[in-house]
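Work through the exercises below with the coordinates open. Each task is followed by a solution in steps.

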Amino acid sequence: LQQSDLLEKTQAELEALLGTDRYDVRTWRDGNRIIVQWAEMFDAVIMIWVAIIFLGAAFGIVNTMLMAVFERTREFGILRAVGTSRWALFRMVVYEAFFISVIGTACGFLLIAVLHGVWLRNGLDLSMFAESLASFGSDAVIMPEWRMDFIIQTVIVVFFMGILAAVWPAARAARLQPAETMRGK
């Protein structure tokens, strides 16, 4: 099948068409338990790597926002001195982190779209592992799959992660005392 999500539906249709008394309709998953277990393990490893990458991105946003707060301490002090509320300073830093997340997500999405376009046309050539892949019934060229549900989940996680990563720097900016910051302390 070209679409893996049609596997169970097609199996059920074939069982209804042929009958289960004379024929045994099996999917590739039924015949290759080792590959199924391998795929499940690979999915778990990928999720661990995704979590590590997201944590790295969160620390990058925290670092960027902390540096922005440290470099603009006097500016925040002046804003507090002229009557800007702590909550307004907090929101300003969170909005800045939100826009950094939006721009970063858009750039990342464009990069992935370009790479995915190249891979859709040519596939990912793993011919150096052709013998090993053939023993598992896989081609030497792997064609990628564009999964919109995964993309949407990733974008949502990145947005919330960007906002959550800005809470600490935003709280730090909101706690600044006007007199101390303008003196340089």
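The model is predicted: local features need pLDDT of at least 70, side-chain atom pairs count only at pLDDT 80 or more, and totals for chains, interfaces and linings use all residues. Residues are numbered from 1 along each chain as its sequence is written, and side-chain values use heavy atoms, with hydrogens and water left out.

**Exercise 1. Find the aromatic pairs and classify each of them.**

Step 1. Rings of Phe, Tyr and Trp (its six-membered ring) pair if their centres lie within 6.5 Å; planes under 30 degrees apart are stacked, over 60 edge-to-face, and the rest tilted. The count by this rule is two aromatic pairs.

Step 2. Trp87 and Phe90 form a stacked pair, because their ring centres are 5.5 Å apart and their planes stand at 10 degrees. Both residues belong to helix α5 (residues 86-122), three residues apart, about one turn of the helix. Helices here are DSSP runs (H or I, at least four residues), numbered from the N terminus.

Step 3. For Phe98 and Phe99 the centres are 5.6 Å apart and the planes at 70 degrees, so this pair is edge-to-face.

Step 4. Accessibility is classed by relative accessible area: buried under 20%, exposed over 50%, partly exposed in between (1.4 Å probe, protein chains only). Trp87, at 53%, is exposed, while Phe98, at 30%, is partly exposed.

**Exercise 2. Determine which residues of helix α7 (residues 148-165) are buried, and what they pack against.**

Step 1. The buried residues are Ile151, Val158, Met161, Gly162 and Ala165.

Step 2. Exposed Phe160 and Leu164 sit on the face of α7 turned away from its buried side.

Step 3. The buried residues of α7 pack against α3 (33-71), α5 and α8 (167-174), where contact means heavy atoms within 4.5 Å.

**Exercise 3. List the salt bridges and identify the network.**

Step 1. A salt bridge is a side-chain nitrogen of Lys or Arg within 4 Å of a carboxyl oxygen of Asp or Glu. The structure has three.

Step 2. Asp24 and Arg26 form one of them, at 2.8 Å, N to O. Asp24 is exposed at 55%, as is Arg26 at 58%.

Step 3. Arg72 bridges to Glu75 at 3.4 Å and to Glu96 at 2.8 Å. Arg72 lies in the loop between α3 and α4 (73-81) and Glu96 in helix α5, so their pair ties together parts 24 residues apart in sequence.

Step 4. Arg72, Glu75 and Glu96 are therefore linked in a network of salt bridges.

Conventions:
Helix = DSSP H or I, 4+ residues; strand = E, 2+ residues; numbered from the N terminus. Expected span 1.5 Å × (residues − 1).
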